[in-house]
Amino acid sequence: MSPATAVALAWTVFLGAHLALNGRWWPWLAVSLLPPPLFAVVPLALLAAAAASESVPGAALAAGCLLAGWRENGLNARALKRSSRETEGIRVVSWNTQHWNQGREPDRFYAFLHSLPADVYLLQEYLNGFEGGEVWDIDDEERLRREFPGHHLSIDNNSVTLSRFPPAGPPVPVGACSLRVDLHTPDGILSTYNVHIPVQLTVMNPLSRAFFRDMRRRHGARLREYDALVADLLANPHPFLVSGDFNTSAAIGDIRRMPKTAHDAIGANRALFPASWHARRKLRLWRIDWVFTSAGVRVRQYAFRDPGGLSDHLAQDVTITTTPIEEMNR
């Protein structure tokens, strides 16, 4: 067996384990934190090495791994298509604020939001402080109303939803970390979901028992949040837009828990490798912020916006159009 074939075989075994255990066995959550591009870069490198050494088995294994692990790599092949020039519609800005404006200038924080004039804002981490691993609630409602006098404000589950459209009912907490707000748009009711799935692990000694206990606990919390979100989506008769910080990359199997009725909007993004984290670094390897839409909601434009150091997450800037429910039922 040639070295190229041996390495390709090793990667094949790893990929097989990843596809079998990812999203099913909680300890694999740590492995699935690998940068998604590796699932394209490694098999392509193996394919080149096999070609150079004229190893047919190695090339076959590498090509198979590239295809089998394609959806893990985070690449957006639809970005190669001609982009739409349509900008009319409902503009939605979704952003994990990283503990609101903590430790930063509030004026800069609000100036950034105003630089993205949206019809709907879905803002996560409406909480403040970080002391000994603890956070505490804040109250910025007065300034929010002053800064956005033309918007309706909904606050719950550490999330803020601001909308030019009036709500069709009270906000609905979904699980412990997300917020649903139904809006009266010109084409009917649109359900917005402001989502924040808990992070996978805490930075600590990876060889300690505390590390594994914490990861298992967080795995359970993540499943509860996904289960609550999926259950609400499946029971919702209205068109919907789901957006926020999922703390889940394309390489993490938890994202497959989203129902088939929720369509990933990334095809409207023009980046071949869209990444939303880490915003303060030049090299960004993970997309952990997502937008999903249902039938009746079309994404016209989708881009990530740099918050200028205000958060470790890029902001998601989406323009959608909706189809009146009468037309959907024809």
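Helix 1 passes helix 4 in a left-handed crossing, where left-handed means that the near helix is turned anticlockwise from the far one by less than a right angle, and right-handed that it is turned clockwise. Helices (H or I, at least four residues) and strands (E, at least two) are DSSP runs numbered from the N terminus. This is a predicted model, in which local features need pLDDT of at least 70 and side-chain atom pairs count only at pLDDT 80 or more, while totals for chains, interfaces and linings use all residues. Residues are numbered from 1 along each chain as its sequence is written, and side-chain values use heavy atoms, with hydrogens and water left out.

Two packed helices are described by the angle between their axes and the distance between the axes. The axes are lines fitted to C-alpha atoms, for helices over the stretch in contact, and the angles run from 0 to 180 degrees between N-to-C directions. For helix 1 (residues 3-21) and helix 4, the axes come within 8 Å and cross at roughly 25 degrees. Helix 1 is therefore roughly parallel to helix 4, given that angles under 35 degrees count as roughly parallel, over 145 as roughly antiparallel, 65 to 115 as roughly perpendicular and the rest as oblique. Their contact (heavy atoms within 4.5 Å) is made on the side of helix 1 by Thr5, Ala8, Leu9, Trp11, Thr12, Leu15 and Leu19, and on the side of helix 4 by Pro57, Gly58, Leu61, Ala62, Cys65 and Ala68. By class, this contact of helix 1 with helix 4 has 10 nonpolar, three polar and no charged residues, where Ala, Val, Leu, Ile, Met, Phe, Trp, Tyr, Cys and Pro count as nonpolar, Asp, Glu, Lys and Arg as charged, and the others, Gly among them, as polar.

Helix 4 (residues 56-68) also packs with helix 3 (residues 38-52), at an angle of about 165 degrees and with the axes 8 Å apart. That angle makes helix 3 roughly antiparallel to helix 4, and the crossing of this pair is left-handed. Helix 3 brings Phe39, Ala40, Pro43, Leu44, Leu46, Leu47 and Ala50 to the contact, and helix 4 brings Gly58, Ala59, Ala62, Ala63, Cys65 and Leu66. These residues divide into 12 nonpolar, one polar and no charged.

How do helix 1 and helix 3 lie, roughly parallel or roughly antiparallel? Their axes come within 9 Å and cross at roughly 155 degrees, which means that helix 1 is roughly antiparallel to helix 3. The residues in contact include Trp11, Phe14 and His18 of helix 1 and Phe39, Val42 and Leu46 of helix 3, and the contact has 13 nonpolar, one polar and no charged residues.

We can now turn to the spaces. On a 1 Å grid over the protein atoms alone, a cavity is a set of points where a 1.4 Å probe fits but cannot get out, a pocket is an open set with protein on both sides within 12 Å along at least five of seven lines, and lining residues have an atom within 4 Å of a point. Grid points are joined across faces, edges and corners, and a volume is the space filled by probe spheres set on the points.

The largest pocket has a volume of about 1400 Å³, and of the 43 residues that line it, the closest to its centre are Glu125, Val199, Leu201, Arg218 and Asn247. The largest share of this lining, five residues, comes from helix 7, and the lining as a whole has 16 nonpolar, 17 polar and 10 charged residues. The second largest pocket holds about 450 Å³ of space, and Arg71, Arg256, Asp264, Arg287 and Trp290 are the closest to its centre among its 20 lining residues. The largest cavity holds about 40 Å³, and its lining includes Trp25, Trp26, His219 and Asp254.

Two backbone details remain. Most residues other than glycine have a negative phi, and most peptide bonds are trans. Glutamine 98, in the loop between strand 1 (90-96) and helix 5 (106-114), has a positive phi of about 55 degrees although it is not a glycine. The peptide bond from tryptophan 277 to histidine 278 is cis, with omega near 15 degrees, and histidine 278 is found in the loop between strand 11 (263-264) and strand 12 (289-293).
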